[in-house]
Amino acid sequence: MAILTKEQAKQIIDKVLSYSTADEMEVSIFGGRTGNIRYARNTVNTSGETNEIRLSVNSVYGKKVGSSSTNEMDDASLKKLVARAEEIAKLAPENPEYMPMLGPQTYPDSTTFSPATDKIDPDFRAQVAADSIGITRGDDLTAAGYLEDFSGFVASGNSKGQFNYNTSTSVDFSVTVRTTDGKGSGYAIRDFNDVSLLSSKDVTNIAMQKAQASSTAQAIEPGKYTVILEPTAAGDLLSLLTRGFDARSADEGRSFMSKKGGGTRIGEKLFDERVTITSDPTNTEIPMSPWDGDGLPRQKTTWVENGVVKNLAYSRYWAEKQGVAPLSSAGGRGFGGGGYIFAGGDESIADMIKSTERGILVTRFWYIRAVDPQTLLFTGLTRDGTFYIEDGKIKFPVKNFRFNESPIIMLNNIESMGKPQRVGGSLIPPMKIRDFTFTSLSDAV
């Protein structure tokens, strides 16, 4: 399916709005092409491409809302869709938190669309897989990987005159490499808007090196260690932190951002002074949609500055209730909603290793589960390449650990950081953290 142009999308939206008899109506259209290829045991086993378009409407009478959607764009189907949504709205109970629709808005320019990604075809996907499989076969290793690409658009408009339109692309690639005896495992992942930044060979080489280096893992005692977290591992935990940047959950006492006795912890120093977290919809490395779920323009925002909490996200409803201006969340794709930029440092992972007397290098975490949501204490496991460091050198691979740790504590135990790298739609630096808690060993590879 070709991406609808801005003019084509607006023409359809205006037509649907003309069928409405409700007090308010919002129309949204989403469409695009999603392709994928998957391989395991050095052999492609599935590939495919889907094309879809979907139109949905919200019809409103007072504070009663009815919704309906369709993938048929002919006039009869669209009229039937509107009638169904209005019928549902009349039967629905009132929504006490309903906010009137917005009028026209001004949005920043978007850089979420890449022509190179839009041109991906089955031959390109096959080549990505072949490039990855080819180098693992040559080294007597086994690869399993997955590539998914998307190219599409979203548009919406309402009876108050608001209209927005944006095109976007994305590509995600991950690969796990195992030694033939199954004792060594390595993993690497990358995501971009622009596929020209992706080299499946380079990503696979990283996973290969980890697989080969981790095949003779030894058991060491769990306990508190200095850890060097690669960006993927750091992102696994920091995504759990950014999900808490919500004012309502803080005000209602459901968040680590809740203050004892009521209110939020805005203005408090919760982290090391080197911690600064921002978001910027126009950032070229992690571009985002120009608007949020309420239709408000996204803006550059500082969430944490020098360890001090500066802002929390306010929906239109909660902002009105609290008497403040609404503020969009970062709201990107992937990592914790994505879109967050963590300030880093200038140390490489090699530099961090050289300065470590005794520590653990972690590739990534998995199977993370909450232990205490209000202190953000989590448990999980290391995976796909965990290594013991002694006297500034990697000595040997170690068996995987279970950890019990909070990203809040982690961000108060920073020793050094490196250059941020895109992970799941956010920019995350590698981090060297002291006193990270490993509680037990795991025999899983």
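**Exercise 1.** Classify Glu-52 and Arg-54 by relative accessibility in this predicted model, and state how their side chains meet.

*Solution.* Glu-52 has 36% relative accessibility and therefore counts as partly exposed, where buried means under 20% relative accessible area, exposed over 50% and partly exposed in between, with a 1.4 Å probe and protein chains only. Arg-54, with a relative accessible area of 38%, is partly exposed as well. The two side chains meet in a salt bridge at 3.4 Å, N to O, the term requiring a side-chain nitrogen of Lys or Arg within 4 Å of a carboxyl oxygen of Asp or Glu.

Residues are numbered from 1 along each chain as its sequence is written, and side-chain values use heavy atoms, leaving out hydrogens and water. Because the model is predicted, local features need pLDDT of at least 70 and side-chain atom pairs count only at pLDDT 80 or more, whereas totals for chains, interfaces and linings use all residues.

**Exercise 2.** Determine which parts the salt bridge of Lys-432 and Glu-415 ties together, and how accessible each partner is.

*Solution.* The side chains of Lys-432 and Glu-415 meet at 3.7 Å, N to O. Lys-432 lies in strand S19 and Glu-415 in strand S16 (residues 414–417), so the pair ties together parts that are 17 residues apart in sequence; strands here are DSSP runs (E, at least two residues), numbered from the N terminus. Lys-432 is buried at 4% relative accessible area, while Glu-415 is partly exposed at 35%.

Note on methods: Helices (H or I, at least four residues) and strands (E, at least two) are DSSP runs, numbered from the N terminus.
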